[in-house]
Each structure stands twice: as C-alpha cells, then as structure tokens.
Amino acid sequence: MSIRVTYHGHACFTIEGGGAKLLIDPFLSGNPQADIGPEEVEADYILVSHAHGDHLGDTVAIARRTGATVISNHEIATYCAAQGLNSHGLHIGGGYQFPFGRVQLTIAHHGSSFPDGSYGGNPAGFLLTIEGRTIYFAGDTGLTYDMKLIGEKGIDLAILPIGDNYTMGPDDALRAVELLQPRLVVPFHYGTFPVIEQDPAAFATRVVAKTGIECRVLKPGESLTLA
C-alpha cells in the first residue's frame with residue numbers, strides 16, 4: 001500500500017491513504033498559488049489546523065458539498081457542527097482512531113481566530129498514522145523542542161512551514177529537521193504573499209547538506225508517494 005500526498009499551495013494538501021482522501025487547510029478561494037478550486041476538490045475528511053482564514057479557508061463549502069467530516073480542535077469542530085457539517089473535535093495531545101488511521105493534535109505556537117475575530121481555539125499540528133506510515137504536518141508554528149519528542153516516534157514525512165514572519169523561517173525550520181530526523185521533508189507556507197517570500201530550493205539544498213535528509217519541493221498540483 002502507498003500514500004499519495006499532493007500540494008495545492010500555501011498550506012493545503014491532499015493525503016490519500018487508508019481508503020480515504022484527507023484535505024488539510026483548504027485555503028483555495030483567493031489563494032494565488034492554488035492549482036484547484038473549492039468546487040473541484042474532493043475529500044472524505046477535512047483537517048483544519050487553526051481558524052485563520054488562510055487555513056480554515058473553504059472548509060464549510062467543501063464539507064457541505066462533499067459530506068466530508070471536519071477534524072479540528074473543539075472550537076472549530078463546534079463551529080462547523082453549527083453550520084450543519086459533520087465534525088470531530090480534538091484537543092492538543094489528544095488523538096482518535098478513524099477508519100483511515102490515527103490523528104493526534106500537536107502543539108503549534110501560533111494564534112487562532114475566525115475571520116470575524118472570534119476565538120478559534122488552540123492552533124495545532126497533526127500527527128497522522130496511516131497504513132503504518134507517520135506524517136507530521138506542523139501547522140503554523142515557531143520552532144519548539146517538542147519536535148524532538150515527536151521525532152522519536154519515527155517520522156516518514158515532515159511537512160514544515162518556512163515562510164518566516166508568521167511561522168518558522170528557513171533557519172528554524174532547518175533546526176526543526178534536525179530535531180525531528182524524518183525520512184523526508186516538504187516545505188510549505190511560503191510565497192503566497194510578499195511578506196513570506198522564500199526560496200524553497202535553497203532551503204532544500206541546506207537540509208540535504210546539513211542533515212543528509214531528503215527534502216522535496218512540491219509545486220502546486222505536484223504529488224509524491226510514500227511507498
């Protein structure tokens with residue numbers, strides 16, 4: 001069995017595995033990087049790391065159209081349930097075994113508020129265990145030493161922000177790779193807006209030179225396979 005990971009720009013990914021299609025942080029409308037529109041993308045589950053508009057994005061519209069279950073913190077899950085959507089709420093450190101695999105929320109040092117300014121609960125990352133593979137989606141976060149503990153679980157793929165300003169920049173993301181020691185790294189959350197412009201290829205070169213760990217830069221619409 002294999003897991004297919006597709007990048008849609010900014011922080012949005014599709015992960016296919018365990019008999020399901022997971023969509024992470026579906027900011028598609030208004031995203032200049034997006035390779036697909038909210039009316040085209042498919043999902044069985046939508047994972048939302050926090051309530052900021054560039055992550056919550058088109059969650060409600062996509063879940064309403066597809067019937068997908070929204071997985072997020074309790075506040076976002078409750079918000080989605082109030083919109084008539086299927087949802088499952090978790091909190092930091094908590095996890096749940098879904099039909100496709102396990103989802104655990106991890107610490108993300110960031111903020112979280114809905115577009116109207118109301119409280120969106122704690123921001124989070126996701127630790128996913130699917131078909132015996134472990135994927136760490138860090139979410140919008142600064143560097144944290146908790147990443148060393150996460151890395152001890154054995155990470156097949158680490159998806160890390162590198163944009164700086166709102167999240168880790170390339171220097172701290174490189175330190176995160178050293179703590180996590182994953183098999184493979186994919187950068188995200190860069191280039192969408194001028195304030196987070198970065199050179200992902202230069203970051204990938206630094207990762208390989210410093211750690212010997214493979215780093216793949218995906219363009220929107222590109223995929224990789226975890227065999």
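Trainee: Which residue of β2 stands opposite T6?
Mentor: Strand β1 (residues 3–7) and strand β2 (residues 13–17) run antiparallel and are joined by 4 bridges. Strands here are DSSP E runs of at least two residues and helices are H or I runs of at least four, numbered from the N terminus; two strands pair if DSSP finds at least two bridges between them. In β2, the residue opposite T6 is T14.

Trainee: Before I go on, the ground rules: it's a predicted model, where local features need pLDDT of at least 70 and side-chain atom pairs need 80 or more, while totals for chains, interfaces and linings take in all residues. Numbering starts from 1 along each chain as its sequence is written, and side-chain values use heavy atoms, with hydrogens and water left out. So to the sheet: in what order do its 7 strands come?
Mentor: Strands of a sheet pair through backbone hydrogen bonds, either parallel or antiparallel. This sheet is open with mixed pairing, and the order is β6-β5-β4-β3-β2-β1-β14.

Trainee: Which strands are at the edges of this sheet?
Mentor: Look for strands that pair on one side only. That picks out β6 (86–90) and β14 (223–226).

Trainee: And by how many degrees are neighbouring strands of this sheet turned against each other on average?
Mentor: Axes are lines fitted to C-alpha atoms (for helices over the stretch in contact), and angles between N-to-C directions run from 0 to 180 degrees. For this average, direction is ignored, and the turn is 20 degrees.

Trainee: At what angle does helix α2 run to β4?
Mentor: Helix α2 (residues 59–66) lies across β3 (20–24), β4 (45–47) and β5 (69–73). For comparison, helix α3 (residues 74–82) lies across β5 and β6, at about 145 degrees to β5. For α2 against β4, the angle is about 165 degrees.

Trainee: Which residues of α2 are buried?
Mentor: Buried means under 20% relative accessible area, exposed over 50%, and partly exposed in between, with a 1.4 Å probe and protein chains only. The buried residues of α2 pack against β3, β4, α1 (53–56), β5 and α3, where contact means heavy atoms within 4.5 Å. They are T59, V60, I62 and A63.

Trainee: D25 isn't a glycine, so what is its phi?
Mentor: D25 sits in the loop between β3 and β4. D25 counts as buried because its relative accessibility is 0%. Its phi is positive, about 45 degrees.

Trainee: Where is Q181 found, given its positive phi of about 50 degrees?
Mentor: Q181 isn't a glycine either. It's found in the loop between α5 (170–180) and β12 (184–188).

Trainee: How many residues of strand β9 are buried?
Mentor: Strand β9 (residues 124–130) is largely enclosed by the rest of the structure. It pairs with strand β8 (residues 101–107) over 6 bridges in the antiparallel sense, and 5 bridges join it, also antiparallel, to strand β10 (residues 133–137).

Trainee: Which residue in the hairpin of β9 and β10 takes a positive phi near 50 degrees?
Mentor: Within this pairing, L128 has I135 in β10 as its bridge partner. The hairpin has 2 residues between the strands, and the residue with that phi is E131.
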